[in-house]
Amino acid sequence: MSYACRKLKSSERKELAKWLKLQNLKLDRRMRQDLTDVVPVARIFQRFHIKLVNMHFYTHRIGADMKLQNWMTFNQRVLIKLGLGHNRLGLDQLAKGQVGAIESLLYDLMSMGRSTPPNAKFFNQHSQKQKYAISTVRITKKHSLTHVPQLARIVLRSPSVLCADVKRFIRGRVINVPEKLVAYQDYLDALQELREKDACINSIRHKTQYLESLIKVKDERIDDLMKQLEQLLQQQQDQ
């Protein structure tokens, strides 16, 4: 189940203001703009759900469309699992910084400390019914920018495969052809795993570009220092 952002009541806004003060967060104009990007929001969620939120999947984005992609990833990996899943409209409101959107999300996060959201109970029951699970283990002994995360795929149980006769139109006749089929839930799990790996690849690509730009700047600085050193040596020889 997913929903759009809602407008908080006056009493809820007061509760949220007190909670934000305890978290050393101030929702001023600049902070609201920063929170249109999912990265600082993910850091806030990580305070309360450190095992669930993996910052390697998110990079800073500029522009509503790019920010929306980040929010969609965060929604699949975190919000839905917490029972706070948003629909496309809600994610678009968060990415564009619509008035009241981030307050609605933070209020729901605050409320989780007092009660279990109804969607979270549904998610836990649904997870127990899955036929198999694929977990992605990330080895992160270092958290520096130069660290490249390593993915290890662990299959706890193989997906169920069903052999069935499927009708095919071949050479003007309809005949039964035996084909192997997998459960739709298995397909969704594999698709989600693929999306997570794509997000990891994009994160590594951005970090690589950043490191390349740093190397270029350092090379230019070294060239400048070498020129200055040559000038000093030349001046000493002239003297």
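Which helices each supply at least two residues of the lining of the second largest pocket?

1. **Basis.** This is a predicted model: local features need pLDDT of at least 70, side-chain atom pairs count only at pLDDT 80 or more, and totals for chains, interfaces and linings use all residues. Numbering runs from 1 along each chain as its sequence is written, and side-chain values use heavy atoms, without hydrogens and water.

2. **Second largest pocket.** The helices asked about are α2 (29-34), α5 (88-96) and α6 (101-111). Helices are DSSP runs of H or I, at least four residues; strands are runs of E, at least two. A pocket is an open set of points on a 1 Å grid over the protein atoms alone, with protein on both sides within 12 Å along at least five of seven lines. Its space is about 190 Å³. The lining has 14 residues; R32, G97, Q98, V99 and I102 lie nearest the centre. Lining residues have an atom within 4 Å of a point.

3. Gly counts as polar here.

4. **Cavity.** There is 1 cavity of 30 Å³ or more. A cavity is a set of points where a 1.4 Å probe fits but cannot get out. The largest cavity holds about 30 Å³. L20, L25, K26, L27, M31, L35, I44 and L106 line it. By class, 7 are nonpolar, none polar and 1 charged.

5. **Surface patch.** V161, V182, Y184, Y187 and L188 form a nonpolar patch with about 510 Å² of accessible area together (Shrake-Rupley, 1.4 Å probe). Nonpolar side chains are joined within 5 Å. Helix α8 (residues 184-238) gives the most, with 3 residues. V182 sits in strand β4 (residues 173-182).

Note on methods: Grid points are joined across faces, edges and corners, and a volume is the space filled by probe spheres set on the points. Patches are made of residues with over 30% relative accessible area and no salt bridge: like charges are joined within 9 Å, nonpolar side chains (Val, Leu, Ile, Met, Phe, Trp, Tyr) within 5 Å. A salt bridge is a side-chain nitrogen of Lys or Arg within 4 Å of a carboxyl oxygen of Asp or Glu.
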